[in-house]
Amino acid sequence: MIVSIASGKGGTGKTTVAVNLALSVKNAVLLDCDVEEPNVHLFLHPKINEVKPVYVLTPQINEGLCDYCGKCSKFCEYNALFVSLEKIRVFSELCHSCGGCKIVCPLEAITERKRKIGTVKMGIAGNIELVYGELAVSEPMPIPVIKEVKRHVKDRKIVIVDSPPGTSCPMIESVYNSDYCILVAEPTPFGLHDLKITVEVLEKIGIPFGVVINRTEIGDRKTYDYCKRKEIPILLEIPFQRKIAELYSRGIPFINEMPEWRTRFQRLFTEIKERVKD
Amino acid sequence: MISGKGGTGKTTITASFAALAQNTVMVDCDVDASDLHLLLHPQIMQTIEFQGSKLAVMDKIKCVECGLCKDACKFDAINDSFEVNRLLCEGCGVCVVVCPEKALNLSERISGYAFISKTKYGLMSHARLNPGEASSGKLVTLVRQNARQIAEKEKCNLILIDGPPGIGCPVIASVTGIDIGLVVTEPTMSGIHDLERALQLLNHFNVSPLVCINKYDINRKNTKEIVKVCEKNNSEVIGKISFDPIMTKAMVAGKTVVEHSPESTVSREIKRLWETLLRI
């Protein structure tokens, strides 16, 4: 079963929920898909046993064969190729690796070369198998790194996916194929606004979802009213407590110090399992 | 204003700056989860359709289900029933060139809207990416072009940009060519980790990075650590803001904190930060 954790707004507590949930169930696989800013490992201190580079394919031009006809640059929707009278340039950071330029080149002057854009790290923390990706700084495209992290989805295991914030392609790639999605929201105007957009996305993809409300007493009741109106289940409420905030700041999963929360996260997981079965 | 980590207070602080600043264009570059409008209450004057990436469209009558398009698509956007998945298609056009039956075409799609608006603090450039659409970087670039045009027309000498979280394409589109990058961080392990990557990003694009620590008093040890991280990355801490629930109360009231509670400690700290920035 794959459970993803998402939220449109950043800093609502996705990683907190992902980490504490993974610690509460047995033998989970935890995938940190926030490859721009991965944080799960800061809470779990995994022993890393494998580091794999992530490559994308970008065009390489054999200028001996190229006659600068310009078909490749005309084809490229991302402006990654520039052809002038006797010059051709590749802007590889704009390339989406679709492979089209190679197909349209009539002279077979284009081959593909590998370019490293990030890494994927695999490790163990207690009984959790952790996989996380890191997009190299200054690289714009996180999707190939997310895809590589998601290759570690395992059948017959509990897979927990920590998604990046937002509602565009990196978030969609992360939550795609999940059996259930937990949306973490703050009961504030920003939190509610971004929750609504995230709900729209999940309805489009067709993933069942419920909400965890974090820092319950900081804002107003409008997020609750919205969930009630839309019949979205509220799966768990986490209060704003100085102790939770302080443990978070030190990189300590709060269920380790507040064991009463372990059963609450276990109950959360049981509820999700039942909802997925239905 | 960027942060790496989300939820550190970028928008709250940008909105306060907007209230303190004069002759400024406000810009919200967080186009998929934009929130600045909830505090600045813009009145939209102009709406511009945004066409992001294209979309492959299948003509089911022409399709003979040979499977060439499905094999060639690097984004797994064509399923077993030969339908194009709008969420996965990146509009590259490979399916169009490999299809022997000419059953596929690329069409324009509206991925969102850019807006030019009026607020009581001045003009604002912002946008809305339709939920689930790609090309947020491209939309950010459009929002910045609009901001630049308004700034030139209205002779504004300052553009204030509220950036998105992360370090990927919309962030890169937000920071290229800016003069000062203010990273808003918080004294948590995650905050520090993400700050370091945000600083590296700004340094890579030759933008002088400055740092402001929000909620600095929730962990003073980490606040000291942030000062060290800044030294290591060619940056410095130019402001600290205390933790105060008044920030959220102001947000609930739909106001910037400097207007909602001008006498509060956080408002004074934000004012001081703004004055420091102006001197730079």
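This is a predicted model: local features need pLDDT of at least 70, side-chain atom pairs count only at pLDDT 80 or more; totals for chains, interfaces and linings use all residues.
A residue is called buried here if 20 or more other C-beta atoms lie within 10 Å of its own, and by that criterion 48% of the 278 residues of chain A count as buried.

**Fold of chain A**
- The secondary structure of chain A amounts to 11 helices and 11 strands, and its C-alpha trace spans about 70 × 45 × 35 Å along the principal axes.
- Among the contacts in chain A with a separation of 6 or more, 75% are made by residues 24 or more positions apart.

**Contacts between chain A and chain B**
- On the chain A side, 52 residues are in contact with 52 residues of chain B.
- At least two residues of that side are supplied by each of helix 4 (100–104), helix 6 (169–175), helix 7 (189–205) and helix 9 (242–249) of chain A, with helix 7 giving the largest share, 9 residues.
- By residue class, the side of chain A that touches chain B divides into 23 nonpolar, 19 polar and 10 charged residues.

- Val184(A), which belongs to strand 9 (residues 180–185) of chain A, is buried because 27 other C-beta atoms lie within 10 Å, where 20 or more are required.
- Leaving aside residues up to four places away in sequence, Val184(A) touches Ile5(A), Ser7(A), Thr12(A), Gly13(A), Lys14(A), Val17(A), Val212(A) and Asn214(A).
- Phe254(A) is 70 residues from Val184(A) along the chain, and the C-alpha atoms of these two residues are separated by 16 Å.

Definitions and conventions:
Residues are numbered from 1 along each chain as its sequence is written. Chains are lettered from A and ligands numbered from 1 in the order in which they are written. Helices (H or I, at least four residues) and strands (E, at least two) are DSSP runs, numbered from the N terminus. A residue is buried if 20 or more other C-beta atoms lie within 10 Å of its own, exposed if 12 or fewer, and partly exposed in between; C-beta atoms are placed from the backbone. Two residues are in contact if their C-beta atoms, placed from the backbone, lie within 7 Å. Ala, Val, Leu, Ile, Met, Phe, Trp, Tyr, Cys and Pro count as nonpolar, Asp, Glu, Lys and Arg as charged, and the others, Gly among them, as polar.
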